[in-house]
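Visitor: Please take a close look at one stretch of the chain, and then set it in its surroundings. I would like the cut-offs stated as you go.

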Amino acid sequence: MISIENISKSFVLHNQGSAEIPVMQGASIKVAPGECVALTGASGAGKSTLMRMIYGNYLTASGRIMIGDIDVATAAPREIIQLRRRTLGYVSQFLRVVPRVSTLDVVTEPLRATGTPRAAAVAQAKVLLTRLNIPQRLWQLSPTTFSGGEQQRVNIARGFAYSYPALLLDEPTASLDPTNRATVLAMITEAKARGAAIIGIFHDHAARDEICDHQFDVTQFTPGLAA
Ligand SMILES: Nc1ncnc2c1ncn2[C@@H]1O[C@H](COP(=O)(O)OP(=O)(O)OP(=O)(O)O)[C@@H](O)[C@H]1O
Ligand SMILES: [Mg+2]
């Protein structure tokens with residue numbers, strides 16, 4: 001489902017005489033449906049950078065990033081938009097909160113974007129928010145003022161609302177209490193069981209070992225950063 005082949009990337013520092021720093025060289029990863037692969041490596045090793053390349057936020061200089069039959073490295077912007085709508089989900093480490101947009105609308109948006117009728121999308125969102133212990137009194141409010149853990153759970157509800165065949169998870173259990181952490185791990189396990197291919201970053205080693213089938217240390221492919 002996800003096949004990364006020999007990709008490379010450099011950051012060009014325009015404010016320092018266009019100095020070029022190689023950050024990724026010759027990285028290859030394959031993730032089959034139903035599999036979870038963990039990206040590992042010390043802080044600054046380039047894990048989030050690789051995830052941003054896969055999601056198409058950072059350009060890739062060479063190599064291929066196949067998600068199904070789309071190559072993110074060469075896809076046109078509108079192909080990336082289509083890919084993100086129906087194929088590739090991403091739970092970033094922090095929720096991007098938009099003031100005045102209610103929690104229910106944040107969670108239903110990915111379903112509405114794929115044509116789910118409003119009533120069905122709202123019903124699905126309520127199931128997820130209940131499961132993730134977001135109190136009902138918060139559902140009509142914007143998550144702007146929510147606690148870090150509440151925002152993270154809204155982000156997870158949003159990322160899991162639509163059943164994407166491929167999922168990127170950046171620290172999904174980072175600031176959760178044990179109960180909610182267990183719920184999120186169960187949701188990831190269920191996503192694998194329905195055939196999702198998942199790439200995750202987990203500083204929580206117990207969670208990583210429980211959920212992930214393989215580990216991939218990015219340090220070996222990040223020459224400019226590992227030094
Ligand atoms: N846009 C950018 N321009 C220049 N350098 C960048 C840019 N983005 C990231 N970097 C560099 O890449 C390095 C790796 O960052 P990245 O966020 O991928 O690390 P990480 O492995 O996710 O670390 P952590 O575990 O702390 O989240 C950073 O130290 C930074 O120097
Ligand atoms: Mg990171």
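Guide: Helices (H or I, at least four residues) and strands (E, at least two) are taken here as DSSP runs and numbered from the N terminus. This is a predicted model, in which local features need pLDDT of at least 70 and side-chain atom pairs count only at pLDDT 80 or more, while totals for chains, interfaces and linings use all residues. Residues are numbered from 1 along each chain as its sequence is written, chains are lettered from A and ligands numbered from 1 in the order in which they are written, and side-chain values use heavy atoms, with hydrogens and water left out.

Thr114 sits in the loop that joins α3 (103-113) to α4 (118-131), and its relative accessible area of 12% makes it buried (under 20%; exposed is over 50% and partly exposed in between, with a 1.4 Å probe and protein chains only). A polar atom of the Thr114 side chain lies 3.1 Å from the backbone oxygen of Pro110. Apart from neighbours within four places in sequence, Thr114 is in contact (heavy atoms within 4.5 Å) with Arg85, Arg86 and Tyr162. Just after α3, Gly115 adopts a positive phi of about 95 degrees.

Within α3 itself, the buried residues are Thr103, Leu104, Val106, Val107, Thr108, Pro110 and Leu111, and the elements that cover them include α4 and α5.

From here the picture widens to the nonpolar cores, each a set of buried Ala, Val, Leu, Ile, Met, Phe, Trp, Tyr and Cys residues joined through side-chain atoms within 4.5 Å. The largest of them has 38 residues, and Ile156, Phe160, Ile188 and Ile198 have the most contacts inside it. At least two residues of this core come from each of β3 (36-40), α3, α4, α5 (148-161), β7 (166-170), α6 (178-193) and α7 (205-211). Not counting residues up to four places away in sequence, Phe160 touches Val91, Gln124, Leu128, Leu167, Leu169, Met187, Ile188 and Ala191. A second, separate core of 31 residues has Met24, Ile54, Ala75 and Leu168 among its members.

For distance along the fold, Asn6 gives a reference point: its C-alpha atom is separated by 32 Å from that of Thr114, the two residues being 108 apart along the chain. Asn6 belongs to strand β1 (residues 2-13) and, although not a glycine, has a positive phi of about 55 degrees. Most residues other than glycine have a negative phi. Ser18, in the loop between β1 and β2 (19-31), likewise is not a glycine and has a positive phi of about 55 degrees; at 42% relative accessibility, Ser18 counts as partly exposed.

Ligand 1 is surrounded by 12 residues, the closest being Ser43, Gly44, Gly46, Lys47 and Thr49, where a residue is near if one of its heavy atoms lies within 4 Å. Helix α1 (residues 47-55) gives the most to this shell, with three residues. Polar side-chain atoms lie 2.9 Å from a ligand 1 oxygen in the case of Ser48 and 2.6 Å from a ligand 1 oxygen in the case of Thr49, while an N or O atom in the Tyr58 side chain is 3.1 Å from a ligand 1 nitrogen.

Conventions. A polar contact is a pair of N or O atoms within 3.5 Å; within protein, one must be able to donate a hydrogen and the other to accept it, and residues adjacent in sequence count only if both atoms are side-chain atoms.
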